[in-house]
Amino acid sequence: MSDRAPFAKMNGLGNEIIVADMRGRADRVTAAAALVLAANPVTRFDQIMAIHEARTPGTAFFIDILNSDGSSAQACGNGMRCVVQALAAESGTKAFTFETVAGILNAREHEDGLISVDLGEPRFGWKDIPLAEEFRDTRAIELQAGPIDAPVLHSPSVVSMGNPHAVFWVDADVWTYELDRVGPLLENHPIFPERANITIAQVTSPSSLTMRTWERGAGLTQACGSAACAAAVSAARTGRTGRTVDITAPGGHLTVEWRDDGHVILTGPAEWEFSGNFDPRTGVWAREIEGAA
Ligand SMILES: N[C@H](CCC[C@H](N)C(=O)O)C(=O)O
């Protein structure tokens, strides 16, 4: 087993992704390697998507997801699109069935290059998200940030898209809120025993919303695919929009469809930036020299 594994630096709507090719290896990308790659401005990322051999019949690959703080994530919609684009470019295959710790999911690249990922069914039960205490109605839970008598953000919708999300509805422009300040407080609030991804969303029409996300384990990002799904599902569930929603994130546009069968489909682009190889144990890396064998 060579100690170096190939990787591609990519992005999904500015969500910074490293796709690591761990096929044919028994080890996994360590938290230490993630911290080293995250600290370098060239390889800085929000998530590492590590492609491993399949563990379950009927799936093509197992995908291990790491945040930039070295923690594990169960879902990453934008990262899955990068994985699909990388594998489609290599194999010509356009449709894949993957496994993650959250379960099995399907994804495909379309003729126009956009990629759809089926993130499965959202879960709304307080234990599923999980929350630290019982809330019967997770469309709006008691939680707020800012002064007690004049909260800046309050009553989020909460949902699991495989990973935990809280969506705070706002009337004003999402850029007027200090998400870099309140994000870490809410991410680590005791109501979320596994922390949570924190989104601020403004509904702009019955079929569109604008959002920003403070990601668990990664901080402010240009886009967060599972949060886009969480916001769209929560908007439909609270009567704010229909079941197909155009999402505007700082990094660009995504479409989310909450199908009648309950599955949530995220569609958007993926972009390759450069390739290299790295040591999954230490994070030491080198850029691939163009034209080299
Ligand atoms: N960027 C990802 C989300 C990563 C989620 C991660 N921050 C967590 O749940 O810990 C996405 O496109 O869905």
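Which domains does the domain assignment of the protein chain give? The assignment gives domain 1, covering 5-120 + 270-287, and domain 2, covering 144-262; such bounds come from an automatic or database domain assignment.

Good morning. Two remarks on conventions come before the details. The model is a predicted one: local features need pLDDT of at least 70, side-chain atom pairs count only at pLDDT 80 or more, and totals for chains, interfaces and linings use all residues. Residues are numbered from 1 along each chain as its sequence is written.

I begin with the overall form. The protein chain contains four helices and 20 strands, where helices (H or I, at least four residues) and strands (E, at least two) are DSSP runs numbered from the N terminus. The C-alpha trace spans about 65 × 35 × 30 Å along its principal axes. For 293 residues, a compact globule would have a radius of gyration near 19 Å, and the protein chain agrees with its 19 Å. That radius is taken over C-alpha atoms, and the globule rule is 2.2 Å times the number of residues to the power 0.38.

Of the 293 residues, 45% count as buried. A residue is buried if 20 or more other C-beta atoms lie within 10 Å of its own, exposed if 12 or fewer, and partly exposed in between, with C-beta atoms placed from the backbone. As for contacts, two residues are in contact if their C-beta atoms, placed from the backbone, lie within 7 Å. Among contacts with a separation of 6 or more, 65% join residues 24 or more positions apart.

I return to the two domains. Their centres, taken over C-alpha atoms, are separated by 24 Å. Domain 1 gives 19 residues to the contact and domain 2 gives 20 residues. On the side of domain 1 that touches domain 2, six residues are nonpolar, eleven polar and two charged. In this scheme Ala, Val, Leu, Ile, Met, Phe, Trp, Tyr, Cys and Pro count as nonpolar, Asp, Glu, Lys and Arg as charged, and the others, Gly among them, as polar.

Next, the annotated positions. Where does UniProt place the feature "active site"? The unreviewed entry places it at Cys76 and Cys224. Although these are spread over 149 residues of sequence, they cluster in space, with a largest C-alpha distance of 7.6 Å. UniProt positions are given in the numbering used here, feature names are shortened, and annotations may be inferred rather than shown by experiment.

Cysteine 76 sits in the loop between strand S5 (72-73) and helix H2 (77-91). With 33 other C-beta atoms within 10 Å, cysteine 76 is buried. Setting aside residues up to four places away in sequence, cysteine 76 touches Gln47, Met49, Ile65, Gly225 and Ser226. Cysteine 224 is located in the loop between strand S15 (219-221) and H4, and is buried because 37 C-beta neighbours lie inside 10 Å. With the exclusion of residues up to four places away in sequence, cysteine 224 touches Asn15, Asn78, Asn197, Thr213 and Glu215.

The unreviewed UniProt entry also lists residues under "binding site", including Asn15 and Gly225. Asparagine 15 belongs to strand S2 (residues 15-21) and is buried, with 31 other C-beta atoms within 10 Å. Beyond its neighbours within four places in sequence, the contacts of asparagine 15 include Asp46, Asn78, Cys224 and Gly225. Glycine 225 is part of helix H4 (residues 225-237) and counts as buried, with 30 C-beta neighbours inside 10 Å.

Why is H4 described as largely enclosed by the rest of the structure? Eleven of its 13 residues are buried, so H4 is largely enclosed. H4 reaches 18 Å from its first C-alpha to its last, close to the 18 Å expected at 1.5 Å a residue; the expected span is 1.5 Å times one less than the number of residues. After H4 comes glycine 239, with a positive phi near 80°.

I close with backbone geometry. Most residues other than glycine have a negative phi, and most peptide bonds are trans. The peptide bond from isoleucine 129 to proline 130 is cis, with omega near -10°. Proline 130 lies in the loop between strand S8 (115-118) and strand S9 (144-145). Leucine 13, not a glycine, has a positive phi of about 65°, and counts as buried with 24 C-beta neighbours inside 10 Å. Arginine 195 likewise has a positive phi, near 60°, but counts as partly exposed, with 18 C-beta neighbours inside 10 Å.
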